[in-house]
Every structure is written in structure tokens, then in C-alpha cells.
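Reader: I want to learn how to read surface and ring features in a model. Where do we start?

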Amino acid sequence: MKLSLPRNLKTAYEKETRTNNGQPGSKYWQNTGNYAIDINFNPDTRLLTGKVDIEYINNSPNTLQQVVFKLYPNIYKKGSVRMMPVKPADITDGVRISSLQYNNTVIDSSRISIDGTNMMVPVSPLAPGGTMHFTIQYTYTLNKTSHIRTGEIEPGADFIAYFFPRIAVYDDVDGWNMAPYLGTQEFYNDFGNFNVAITVPVNYVVWATGDLANCNEVLTEKYCQRLQMAEKQDGIINIIDSSDLQQRDITRQNASNTWKFLAENVTDFAFAVSDHYMWKSTSLVVDAATKRRTRVDAVFNPAHKDYYEVVDFGRKTVWAMSYVFPRWPFPYSHISIVDGLDQMEYPMMVNDNPLESRVETIELVDHEVFHTMFPFYMGINETKYAWMDEGWATIGEWIISSIIDSSIRDVYGVSGYERAAGTEQDAPITTLSTQMNGMPYFLTSYPKSGLGYLYVKDMLGDSLFTKALHYYIQQWRGKHPIPFDFFNCMNTGSGKNLNWFWKKWFIDGGVPDLSIKKVNKTNTGFNLTVECTGHKPVPVDVIINYADGSKESVHRSIAVWEKSNTVIIALPAKKSVKTITLDGPYVPDVNRKDNVWNNNL
């Protein structure tokens with residue numbers, strides 16, 4: 001079976017930028033940039049003043065007549081369209097560009113077109129293979145409330161993301177990414193290199209994407225030594241504890257300090273600042289072959305007791321990702337989990353609100369840390385295809401939560417999908433994320449796609465599934481895969497044509513609905529006839545309840561539905577059977593009334 005390609009995607013395959021076996025084509029390309037950013041942030045006024053120098057490389061085969069920038073803070077600008085509420089006090093003038101130059105040519109502000117979060121800049125033709133230099137000076141005021149993934153956490157603590165003008169993605173599928181940032185749909189950025197200098201007042205510590213390049217200039221000696229120690233050993237180090245906060249000797253006692261960070265080949269850069277946060281840190285070997293280590297931080301208000309364990313949860317998540325699922329060495333030098341006001345991921349950074357429940361804290365930490373692989377390492381277009389990253393974070397959460405705490409059975413989103421499946425709130429997974437909001441966006445992005453990945457894993461078995469997933473990662477890390485690249489890679493990597501399932505679960509409509517059609521007594525037990533009534537293939541989990549109160553379970557993967565909507569399962573029964581039930585924690589079913597057979601004893 002072949003999958004039908006949308007016409008706009010078919011063009012990319014015809015131009016040989018992508019291939020039917022999943023590999024990037026011989027003519028695949030993507031653009032990139034080198035960013036040197038110098039900012040000053042005042043936590044009292046929340047004013048951010050910045051200068052960004054960008055070296056932009058046009059690797060496309062096309063001559064560019066304009067360059068499109070993303071001004072994500074403009075979601076708070078007066079008059080901007082948005083899908084999330086913003087309080088009147090957080091409405092601003094947006095990003096104010098005081099100067100914009102390319103190749104040392106000053107661009108008159110009247111020639112710049114700003115529409116919400118998009119800024120279109122006309123330039124002299126940028127030929128294929130050419131490079132253009134931009135210098136932009138700008139300011140904006142960080143939001144105090146209306147916390148949409150960024151903003152003031154509390155007085156003396158801020159999480160600051162999407163804080164600089166960056167060049168939008170120009171790719172082989174859509175050209176310029178003109179989709180505005182409205183708050184619900186997330187991000188799509190090119191890979192680039194970042195050299196960032198962040199100036200903040202005395203006593204403020206900065207945590208950021210990338211590696212701190214000037215520790216001795218901003219932290220006093222003992223804190224630098226603790227940081228270096230944490231990067232080399234497995235134990236948890238209190239880099240900043242509650243008594244240190246009282247001493248006020250953590251940073252160099254200048255009026256302000258400039259923190260310098262370097263990050264290579266990442267899609268974004270975020271940072272957090274605080275003058276009263278504790279800092280717990282540890283590290284672990286994530287690559288047994290090279291002995292490379294990753295540092296894991298928890299940065300938090302001492303009043304939030306759940307955060308005292310977060311460094312341990314983060315460490316166990318990084319370990320599980322490296323050695324269990326997806327069994328790929330954690331790709332970055334650190335991951336810093338910051339006590340914030342959201343539940344959001346960034347390269348090497350996490351912004352997680354405190355929670356009362358230990359279980360919910362575990363599930364939140366492993367979900368957001370898992371995003372390191374998808375979308376960041378894989379360069380996914382979250383704006384159009386949220387399911388290509390949120391679904392992976394969901395299955396990662398399901399698997400890793402029980403590794404951290406064996407008492408947890410994480411079934412996040414499954415019951416929600418069961419309730420909404422087949423209603424007007426339901427849509428095919430491959431529906432563009434830009435066309436959805438609310439419940440439809442949640443269902444397609446999280447539980448439905450997560451279940452799809454889980455079912456394929458179950459059908460192929462851990463070894464073959466991991467082989468196929470690694471093939472996908474190897475082909476598309478640091479690039480921009482689209483849905484059919486994923487489908488094709490999994491087919492090639494597994495050596496199996498899984499298009500029947502991709503079509504039924506990810507592309508077509510239908511609902512998860514199994515029913516018991518018939519039960520026949522045999523010499524050794526029963527023949528159970530099960531029908532896939534709703535045309536969404538789900539595993540068959542059978543529970544045999546015996547008259548003596550004991551139970552037995554039988555499982556069949558989605559493979560039984562490849563060629564038929566009906567399957568007969570032989571159930572051995574050495575004892576008297578009371579009931580036979582179809583039920584499983586990861587098997588939603590819109591009509592459970594036909595899932596039980598009662599034996600009239």
C-alpha cells in the first residue's frame with residue numbers, strides 16, 4: 001500500500017529534497033544562521049534591551065528577495081491576533097526596533113512590514129550559497145502576568161524565552177514560514193549557533209541554553225568549583241543552598257555581571273534569572289562509548305518542596321532516555337529544570353510550575369525533558385505537526401514515569417481521547433495543527449499520536465521498533481522531517497510496510513471500538529471472535545475472569561487488524577470461566593457495553 005501525498009508535499013519528493021525510503025534526498029537543503037546576542041535585562045522594570053548580529057546563510061536553490069523574521073514577543077502587542085488571553089496590564093507596544101541593518105546598509109523603518117509576530121524585510125537579492133549579515137537593536141518589556149511560556153515568575157525571578165528577533169525558517173516545503181505565533185501552536189526554527197551575553201544586576205544568577213563560558217567572571221570561586229564538581233560526578237551537589245542565599249556572596253559583587261553562553265546547532269535559546277533560587281545539580285554518563293556526561297539542574301524557590309526531588313527525577317529521565325527509551329544518548333551537555341509558571345520545553349531548558357502531587361511532578365518533568373529529542377534534536381515543525389513531538393513526549397512520559405516510580409501507571413490523555421473520539425472534537429492526527437485549537441489540538445497532538453507510537457512499538461517488539469526509530473533519528477537529526485519522512489523511515493528501518501497502520505490511525509477517521517461478536521466453547525477453552533467495529537486498529541487485551549476469583553490475560557498487537565476487521569483468538573481455560581472482558585489501560589473504546597461476555601454457569 002502507498003500513502004497518498006498532499007500535492008504541496010509531493011513537490012518536495014519530485015525535487016529530490018526528500019525520498020520515499022525516508023532519507024533526506026540528494027538535493028535536501030536547509031538554511032542556518034550564527035547569532036551573536038548581547039542583551040541587558042532589568043528585573044525590576046522587566047525591560048529587555050538587546051542587540052543581535054546574525055550571519056544568515058542561504059543554502060536554498062532560490063534567490064531571496066526578502067527575509068522574514070519572527071518577533072515572538074509581539075503576541076503581547078496591542079492589536080495582535082492571539083488565541084490565548086492576555087491581561088490589559090501585559091499589553092505592550094511589542095518589540096521596538098530602533099535600528100536594522102543588513103550588510104551595513106541601514107533599512108528605513110518605512111520599508112519594514114510588521115504583521116503581528118512576523119516582520120518582513122526587503123533586501124538586495126541573496127543568491128543561493130550567499131551570506132547576509134544583519135544587525136538589529138531592539139527593546140521590549142517582559143510580561144508580568146499572562147504567562148505564555150515566558151515572563152516574570154515572581155519578584156526576583158523570570159523565565160525569558162523568544163526574546164530576540166530571529167530569522168524564520170525558509171524550507172523546501174512551504175518557503176518562508178509565515179504562520180503567525182498565536183499562543184496555542186508552538187514553534188519552528190532553524191538550527192543555528194549562539195553566542196549570547198546576558199547582563200543582569202548583582203546577585204542575579206543566570207541559567208541558559210548552552211554552556212557558561214565565563215564562570216569565574218560572574219560566580220565567586222566556590223560556586224564555580226561546585227558547578228565543575230557537579231559536571232564530573234554522579235552525586236547531587238547543592239551549588240546554591242538556602243544558607244548560601246543568606247550570604248549574598250554567590251555572584252561577583254559588581255553593579256552588574258555579564259553572563260556568556262555558547263550553544264551550537266540548536267533551534268532556540270532561552271534563559272532564566274533569579275536572586276533567590278536554590279540550585280541542585282548532578283550529572284551522569286549518557287554515552288557509554290564516549291563516556292560523555294550530561295549535567296542535570298533543578299533551580300527553584302526553596303518554598304516549593306516538590307522541587308527538592310526534581311533533580312533526581314530529571315536525572316532518572318535523562319538516564320532512561322539514554323539507555324531505555326528511545327535508547328539514544330542524551331544529545332546536550334545539560335538540562336536545567338526551572339521552577340516557573342508554565343509546562344514548557346526549550347533546548348537544554350525546562351519551565352515547570354511547582355505541583356502538590358509527587359506523581360504529577362514526575363510526569364511533568366519526564367514529559368518536558370523528553371522533548372529534548374522531539375522537537376529540538378529532530379528539528380520538527382511544531383507549528384504544523386504538533387503530533388510529531390507531543391506524541392513522543394506523551395509515550396516517553398508513559399514509559400519513563402514507571403521507571404522513576406514503579407507504582408505509577410501513567411495513562412495521560414487516554415480517557416480523554418476515549419470520551420471525545422468520534423465527536424466533532426475529534427480529527428485525523430495529520431490535520432494541520434494550525435487548523436486546530438482546544439480539544440481537537442490536544443487529542444491529535446498528545447494521546448492519539450502517543451497511542452499510535454505505542455501500538456507500533458508493541459507490534460514490532462522493542463528491538464525492531466528501536467532499530468526503526470534509530471533509523472529515523474539518524475536520518476533526520478539536525479534537519480526538518482515532515483510526517484511522510486517519519487512514516488517512510490519507520491517502514492525502511494523496520495523492513496516492514498506499515499502504511500496500512502499509518503493510514504488507518506494517523507490519516508483516516510474512525511474510532512477505537514472493539515466488540516465481542518461470538519464466544520464458542522472448545523475442547524481446550526473458548527474461541528473468542530473480536531471485531532474492530534470502529535475501524536481504528538487497537539490492541540486486543542483480553543481478561544479471563546475465573547469463577548474462583550483468579551484472572552488471566554491474553555494480548556494481541558494491532559498486527560491482527562492488518563488484513564481483516566475480525567479476529568478469532570483461542571483462549572485456553574483450565575478452570576471454570578465467569579466472564580471474558582476486553583479491557584486495557586492503553587486501549588480506548590467508545591462503546592464498552594459489547595466488551596463483556598458472561599458465561600451462564
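**Reading the surface and the rings**

Author: Start with a nonpolar surface patch of about 230 Å², made by Trp319, Val324 and Ile403. Keep in mind that this is a predicted model.

Reader: Where is Val324 placed?

Author: Val324 lies in the loop between α5 and β22 (334–339). Its relative accessible area is 31%, so Val324 is partly exposed. A patch residue needs over 30%.

Reader: And is Trp319 buried or exposed, or in between?

Author: Trp319 is partly exposed, at a relative accessible area of 38%.

Reader: How many aromatic pairs does the structure hold?

Author: It holds 55 aromatic pairs.

Reader: What separates Trp319 and Tyr323 along helix α5?

Author: About one helical turn, because the two are four residues apart in helix α5 (residues 310–323). Tyr323 is partly exposed too, with a relative accessible area of 29%.

Reader: Next, charges over rings. Which ring does the charged end of Lys521 sit over?

Author: The ring of Phe526, with the charged end 5.2 Å from the ring centre. Lys536 gives another case: its charged end sits over the ring of Trp505, 5.4 Å from the centre.

Reader: Now sheets. How do strands pair in general?

Author: Strands of a sheet pair through backbone hydrogen bonds, either parallel or antiparallel. Here, four strands form an open sheet with antiparallel pairing, in the order β6-β7-β3-β11.

Reader: Which are the edge strands?

Author: They are β6 (113–115) and β11 (166–167), each pairing on one side only.

Reader: How many bridges join β3 to β11?

Author: Two bridges join strand β3 (residues 64–70) to β11, and these strands run antiparallel. Lys70 stands opposite Arg166 in β11.

Reader: One more residue. In which strand is Lys260 found?

Author: Lys260 is in strand β18 (residues 256–266). With a relative accessible area of 39%, Lys260 is partly exposed.

Methods:
Residues are numbered from 1 along each chain as its sequence is written. This is a predicted model: local features need pLDDT of at least 70, side-chain atom pairs count only at pLDDT 80 or more; totals for chains, interfaces and linings use all residues. Side-chain values use heavy atoms; hydrogens and water are left out. Two strands pair if DSSP finds at least two bridges between them. Rings of Phe, Tyr and Trp (its six-membered ring) pair if their centres lie within 6.5 Å; planes under 30 degrees apart count as stacked, over 60 as edge-to-face and the rest as tilted. Buried means under 20% relative accessible area, exposed over 50%, partly exposed in between (1.4 Å probe, protein chains only). A charge sits over a ring if NZ of Lys or CZ of Arg is within 6 Å of the ring centre and within 35 degrees of the ring normal. Patches are made of residues with over 30% relative accessible area and no salt bridge: like charges are joined within 9 Å, nonpolar side chains (Val, Leu, Ile, Met, Phe, Trp, Tyr) within 5 Å. Accessible areas come from the Shrake-Rupley method with a 1.4 Å probe; for residues, only the protein chains shown count as cover. A salt bridge is a side-chain nitrogen of Lys or Arg within 4 Å of a carboxyl oxygen of Asp or Glu.
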